[in-house]
Structure formats: structure tokens, C-alpha cells
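Trainee: I am new to this structure. Please take me through its helix contact and its salt bridges.

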Amino acid sequence: MSRRAAGGLRVLIPVAAGTAIYAFGLHYFVLPNTLMEGGVTGVGLLLYYIFGLPLSFTTLLLNVPLFLAGWRLLGWKSMTMTLYGTLCLTCSLWLMERAVDARLIVPLASGRDLILAALYAGVTLGAGLGIVFRFGATTGGMDIAARILVRKYGWSMGRTILGIDAAIIGSSLFFVPVERVLYTLVVVFIAARVIDFVQEGAYVGKAFTIVTDKGQAIADAVTRKLDRSVTILQATGGYSGASKQVVYCIVGRSEARALREIVHEIDPKAFFAISDAHDVVGEGFRER
């Protein structure tokens with residue numbers, strides 16, 4: 001197998017797996033508990049609740065005109081992975097429908113305990129979409145409409161998608177009990193957090209930016225005690241004009257306290273800031 005083919009499979013397979021997880025969450029947690037979603041999937045859920053139309057059919061039908069419009073206005077290259085993600089989602093939804101009909105999967109109808117269904121729905125939907133987004137694909141839907149509106153009118157992408165989702169979920173109040181819509185907000189919130197978690201990577205390190213006069217001493221101590229690499233940058237104080245050193249280092253969360261103590265011990269007057277470092281790649285962390 002060529003390197004290009006292997007690289008393609010490393011993208012295509014995770015996207016297919018992500019849509020399968022998403023479809024499972026819809027059929028196992030969302031549909032049996034009359035919960036909602038945003039975007040084209042939300043419209044498909046409404047059509048299912050009102051008319052009983054299969055979700056695989058309605059999502060594909062609704063995505064076709066959006067995809068054609070996106071192809072014409074946004075270009076073919078930007079729509080390639082969107083088309084693949086949309087087709088994978090349609091196939092996954094169809095397979096889940098067949099599995100439910102054959103009783104291979106028995107959906108979780110929680111009855112009065114909807115919070116459990118909402119939490120797990122948020123986790124599965126978020127995990128599935130997070131994988132799809134992480135590998136550069138989408139599941140089509142309203143993000144195509146949002147990209148078209150952004151290009152045409154200059155609107156904010158985030159606000160446009162939020163507005164569309166709010167309109168779809170809000171319209172469900174006419175067909176879905178209010179409490180189910182409120183539980184849907186839990187699903188959307190959890191899913192958004194899980195999407196961020198999956199996209200940014202499970203590993204979260206701590207990044208230290210240290211402004212000090214004793215950069216080399218701190219670097220030596222970090223290398224010796226924590227076995228972490230350090231970068232030293234030369235800088236100039238904006239107010240004082242004095243020469244300073246900026247020490248930059250990423251450590252594991254369990255090592256953050258030890259690094260703070262090293263800095264305080266060597267230079268009690270040092271100024272430093274600590275931030276989260278997501279998806280860290282390199283020596284001592286995850287390999288590429």
C-alpha cells in the first residue's frame with residue numbers, strides 16, 4: 001500500500017467510525033426519549049416525531065440541496081470531505097435503523113429518568129462529531145448553510161450556527177414536550193464540551209511562560225529534576241528596557257507543582273503564567 005493510500009485510510013476510517021458513534025447515540029439515546037438536536041439532524045428528528053419518516057432518508061434528502069449549493073458557491077475542494085462525512089452518516093443511520101428493527105440493538109427508553117439519557121446522548125453525539133471534526137470532515141447540514149451565509153453577508157460563523165440551531169430546537173416546542181426540549185439543552189451542552197475535548201486531544205499539559213533573570217539556572221533544574229526540555233528566549237522589558245529571559249516549558253499536570261517550586265526556589269521574583277496545553281506532540285509526550 002502506498003504512503004498516500006495509507007494516509008487516506010487514516011482519515012477515512014476514523015470519520016466513518018465517528019459517524020457510526022453519532023448514529024448510535026441518536027438511535028440509542030435520542031430517538032427513544034424524544035430528545036432533539038440542532039442542524040439538519042434536528043429537522044430530521046422533527047419529521048420523524050411528526051410523520052415517522054426514517055432519519056437516514058430525511059437527513060440525506062435535506063443535505064442534497066445544501067450540498068449542491070455549497071458545491072456551487074464554496075467550491076468542490078471544500079466540499080469533498082463534507083460529502084464523504086454526509087454519506088457515511090447516511091449509511092450509519094440506515095444500518096442503525098436495520099439493527100433496531102432486527103432487535104440487534106434495543107434503544108434505551110429511560111422513562112422518567114431522562115437526565116441519564118441526556119448525559120449519555122451528549123457524550124456519544126459529542127464523541128462521534130468530535131472524531132469527524134478532528135479529521136477534517138463534517139456531516140454536512142447547517143454548517144454548509146452557515147458557511148454560505150458567512151461568505152455572502154459576513155456574519156459570524158459561530159453566531160450563525162447558534163441562531164440556526166436555536167430556531168430548529170425552538171420550533172420543536174410545538175411538537176415536543178417542553179421538558180424534553182430542556183433536556184435537549186443538556187445534550188447540546190455536553191456534546192459541545194465533548195467535541196472540544198476530542199478535538200483538542202485527551203492529553204492536557206501545563207505550559208509555563210517564565211520571565212526571569214535566571215533562565216539558564218531554571219532550565220538546568222527543570223532538565224535535571226523533571227527530565228523536560230526547555231526553551232529560553234531573549235526578551236526586553238517593555239517598561240524598564242532591561243534585558244530579560246523567557247523560559248518556556250510544557251510539563252504534565254502532575255509535574256506543575258514541582259515546576260512552580262523550582263521557579264520560586266531559584267528566582268522568587270520571577271513572573272510566570274500557566275496555561276493549558278492541548279494535544280501536545282513531541283519528545284516526552286505523544287508522538288505524531
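Mentor: The crossing of α9 and α10 is right-handed, where right-handed means that the near helix is turned clockwise from the far one by less than a right angle, and left-handed that it is turned anticlockwise. Helices (H or I, at least four residues) and strands (E, at least two) are DSSP runs, numbered from the N terminus. This is a predicted model, in which local features need pLDDT of at least 70 and side-chain atom pairs count only at pLDDT 80 or more, while totals for chains, interfaces and linings use all residues. Residues are numbered from 1 along each chain as its sequence is written, and side-chain values use heavy atoms, with hydrogens and water left out.

Trainee: At roughly what angle do the axes of α9 and α10 cross?

Mentor: Axes are lines fitted to C-alpha atoms, for helices over the stretch in contact, and angles run from 0 to 180 degrees between N-to-C directions. The axes of α9 and α10 come within 10 Å, and the crossing angle is roughly 145 degrees.

Trainee: How many residues in the contact of α9 with α10 are nonpolar?

Mentor: Contact means heavy atoms within 4.5 Å. On the α9 side the residues include Ala217, Val222 and Lys225, and on the α10 side Leu259, Ile262 and Glu265. Ala, Val, Leu, Ile, Met, Phe, Trp, Tyr, Cys and Pro count as nonpolar, Asp, Glu, Lys and Arg as charged, and the others, Gly among them, as polar. The contact has 2 charged residues, no polar ones, and the nonpolar count is 10.

Trainee: Which residue forms a salt bridge with Lys225?

Mentor: A salt bridge is a side-chain nitrogen of Lys or Arg within 4 Å of a carboxyl oxygen of Asp or Glu. Lys225 lies in helix α9 and its partner in helix α10, so the pair ties together parts 40 residues apart in sequence. The closest N and O atoms are 4.0 Å apart, and the partner is Glu265.

Trainee: Are Glu255 and Arg228 buried or exposed?

Mentor: Buried means under 20% relative accessible area, exposed over 50%, and partly exposed in between (1.4 Å probe, protein chains only). Glu255 and Arg228 form a salt bridge, with the closest N and O atoms 3.1 Å apart. Glu255 is in the loop between β3 and α10, and Arg228 in the loop between α9 and β2. Both Glu255 and Arg228 are buried.

Trainee: What is the relative accessible area of Asp276?

Mentor: Asp276 meets Lys206 in a salt bridge of 2.6 Å, N to O. Lys206 is in strand β1 and Asp276 in strand β4, 70 residues apart. Lys206 is partly exposed at 23%. Asp276 is also partly exposed, with a relative accessible area of 45%.
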